[in-house]
Amino acid sequence: MTVDFSPLIAWPYFAALTLAAAVLAALGVWRGVRGAWLRAAAVAAFCLAIANPVLFQEEREPLSTIVAVVVDRSQSQENGDRRAQTDQALEGLKERLARFPQIEARIVEAADGEETEAPSTKLFGALATALADVPPARVGGAIFITDGQIHDVPDVNQKLGFEAPVHALISGEPDEFDRRIEIVSAPRFGIVGEQQKMTFRVVDDGAAPGGSAEVTIRLNGNEIATEQAEPGTDVPFSFTVPRGGNNILEFAVGPVAGEVTETNNRAVHVLDGIRENLRVLLVSGEPHAGERAWRNLLKSDAAVDLVHFTILRPPEKQDGTPINELSLIAFPTRELFVDKIGEFDLIIFDRYQHRGVLPILYYDNIAQYVENGGALLIAAGPEHAGDDSIAATPLAAVLPATPTGVMNEKAFFPRLSEEGKMHPVTRGLEGAADEPPAWGRWFRTVDVDRPLGQTVMEAADGKPLLVLNRVGKGRVAMLLSDQGWLWARGFEGGGPHVSLYRRTAHWLMQEPALEEEALTARAIGRTLEITRQTIEGDPGQATLTYPSGRTQEVTLTQRDPGLYKAEVETDEIGLFEVSNDELTTLVHVGNVDAPEFKAAISTKEKIQPWAEKTKGLVRRLADADGPVDLPPVLPVRGAVRVADDQRLSLRMTDETVLKGIDSLSLFAGLFGLAALLFLISATWYREGR
């Protein structure tokens, strides 16, 4: 209740009037004038009436005390009975807080970090968000229900934004232990075919049994090594990068009986394989119109080192010209096909025929090069159907098709075969979907017997045009026409010769993206995109294995011929395994070095400093195999100055909200008039005596 003044005249005039009245009253009292005190009282009452005193009384309502309850819903809470303990504790805490009408509980459930971040448990961030609109004076405290693995605990010297206790109720069992593996250092890039070094470490958290651990190492799903590691010791490891693009290294340590989780018993590292410039040997049997198309294509690729030879003067040509007068260089056959043949990633014979340039033994050397992992492309013309065909040499052992000796001289539109519509080398070639195809015609092909491998393109009357085949560890392709240059020159609109030639060359060099039977997966946020490439028809369902070990059957839907896909929304973070038929692939959702997958044992240590600073309580929800036991709630008026090791102390707020104001003018109305009349009458009465 307060009194305020609202003068009926301006303050300067009121002050002057009051001063004059006080002087007159004082003068009368000083001179002893009869009735001076009554006159002074009447003047004072008159001045008070002009001052207009007003009595104000506020109507206030007490505000509730806000208590934040932050519930850990991260993936680590799935271990053991932690989720059940957390749910039971939350319900019990809601019931206990509801007994106090002046307490308002704010329940905040915090899951793993955002998709763009490394998955982690950020409970203090969730707390700050929950209390962002609450004045600090109204915060009674914060209660965390968690396993203690919090990854955004601020430094204890920082400020939380409120002065109230911080409590933690810890899920999980005491004396937990866990074995995990982590990658200490590893390169992000590596040259294909070269060795790379990295370091990993096995870590035992808690009361682990100790002893050495066996670590199985897989590269792109294939086991490449087994190492023995002492927990806590860095172990170096070297490997050779097998291919370009993504390479997934997986390190798996054997489980220990009784450990918290096996989820972190595997660690992965993704390394991008970078090819050095591909070395391609192009041998043209003679100058012809299509030679430039191959040369221009290979020279335009910055990733290709091209070695090109054209046979201009075969050995049988004898015109008497002295060798020292020729402007040609000798074909270094031994250097190319014996000494350095293993340095080439691809050998192309472009309209090449056996004319004595290469000794017959060298063809056998080329065949062995293919079987040992090399790549060979035959771009054939009329010479392949003649007597000097290289199909009549030991090279025939690796060729997928044998010529009949006949040339098919007939105009045709190159078409994709049924296999070609599904094969990644030819699927989706621009113009292939039209009938006839939206590209120019070719006019001749080499007739061959029934070929091995896959015939992905056909000529007139369904004759083979482009044949792909695997031989041993290597690959062979045969283009049974020398008319591709017509597309390069734009004849009848041309055609996709660049895409066709480039894809064929990269398939031969075992580009993973062009495998005809492949299973891949990638993560887009929390969504897994599974892709199955096949030329064998419907692959059926894929099996998805989650980091937690549970499995899910996924239906693959055909998107294009030979291409099946599926998308799966995941509720877990970590390493997923996808399998279909005999193919298996790994994909990691979230950051591969995410804090959520490291330490997994429940702990009080991380939040204990904040509890000690704010006079809070850190307590386990249950003992080993025991029931959940919640501490009672203790409301405290004023600041919490003493920690209570048995109860959850909460600071109750004194804050109120103004609901209304009642005002009463003291000298207004009848009361003021009566007081003035009384004093004036008393003055008159006194004068009359």
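Let me start with Asn-372, which sits in the loop that joins α7 (360-371) to β18 (375-379). The model we are viewing is a predicted one. Asn-372 is exposed, because its relative accessible area is 61%, above the 50% cut-off.

Rolling a probe the size of a water molecule over the atoms shows where empty space is left. Across the whole structure, the search returns 4 cavities of 30 Å³ or more. The largest has a volume of about 80 Å³, and its lining includes Leu-278, Trp-294, Asp-301, Tyr-501 and Arg-502. Two or more lining residues come from each of β15 (278-284), α5 (291-300) and α10 (497-508). Of the elements, α10 gives the most, with 4 residues. By class, the lining comprises 9 nonpolar, 1 polar and 2 charged residues.

The second largest cavity holds about 70 Å³ of space. It is lined by 13 residues, and those closest to its centre are Trp-294, Asp-350, Ser-481, Asp-482 and Tyr-501. Here the lining divides into 5 nonpolar, 5 polar and 3 charged residues.

Asp-482 brings me to the salt bridges. Side chains of opposite charge can pair when their charged atoms come close. The whole structure contains 35 salt bridges. In one of them, Asp-482 pairs with Arg-351, with 3.0 Å between the closest N and O atoms. Asp-482 is in the loop between β24 (474-479) and α9 (485-488), while Arg-351 is in the loop between β17 (346-350) and α7, so the pair ties together parts 131 residues apart in sequence. Both Asp-482 and Arg-351 are buried.

What is the setting of the salt bridge between Glu-492 and Arg-441? The closest N and O atoms of this pair are 2.6 Å apart. Glu-492 lies in the loop between α9 and α10, and Arg-441 in the loop between α8 (418-422) and β21 (442-448), so parts 51 residues apart in sequence are tied together. Glu-492 counts as partly exposed at 39% relative accessibility, and Arg-441 likewise counts as partly exposed, at 28%.

Beyond such pairs, Arg-180, Glu-182, Arg-201, Asp-205 and Asp-234 are linked in a salt-bridge network.

Finally, the surface. Val-3, Phe-5 and Trp-11 make a nonpolar patch of about 320 Å². Trp-11 belongs to helix α1 (residues 11-30) and, at 49% relative accessibility, counts as partly exposed.

Definitions and conventions:
Residues are numbered from 1 along each chain as its sequence is written. Side-chain values use heavy atoms; hydrogens and water are left out. Buried means under 20% relative accessible area, exposed over 50%, partly exposed in between (1.4 Å probe, protein chains only). On a 1 Å grid over the protein atoms alone, a cavity is a set of points where a 1.4 Å probe fits but cannot get out, and a pocket is an open set with protein on both sides within 12 Å along at least five of seven lines; lining residues have an atom within 4 Å of a point. Grid points are joined across faces, edges and corners, and a volume is the space filled by probe spheres set on the points. Ala, Val, Leu, Ile, Met, Phe, Trp, Tyr, Cys and Pro count as nonpolar, Asp, Glu, Lys and Arg as charged, and the others, Gly among them, as polar. Patches are made of residues with over 30% relative accessible area and no salt bridge: like charges are joined within 9 Å, nonpolar side chains (Val, Leu, Ile, Met, Phe, Trp, Tyr) within 5 Å. Accessible areas come from the Shrake-Rupley method with a 1.4 Å probe; for residues, only the protein chains shown count as cover. A salt bridge is a side-chain nitrogen of Lys or Arg within 4 Å of a carboxyl oxygen of Asp or Glu.
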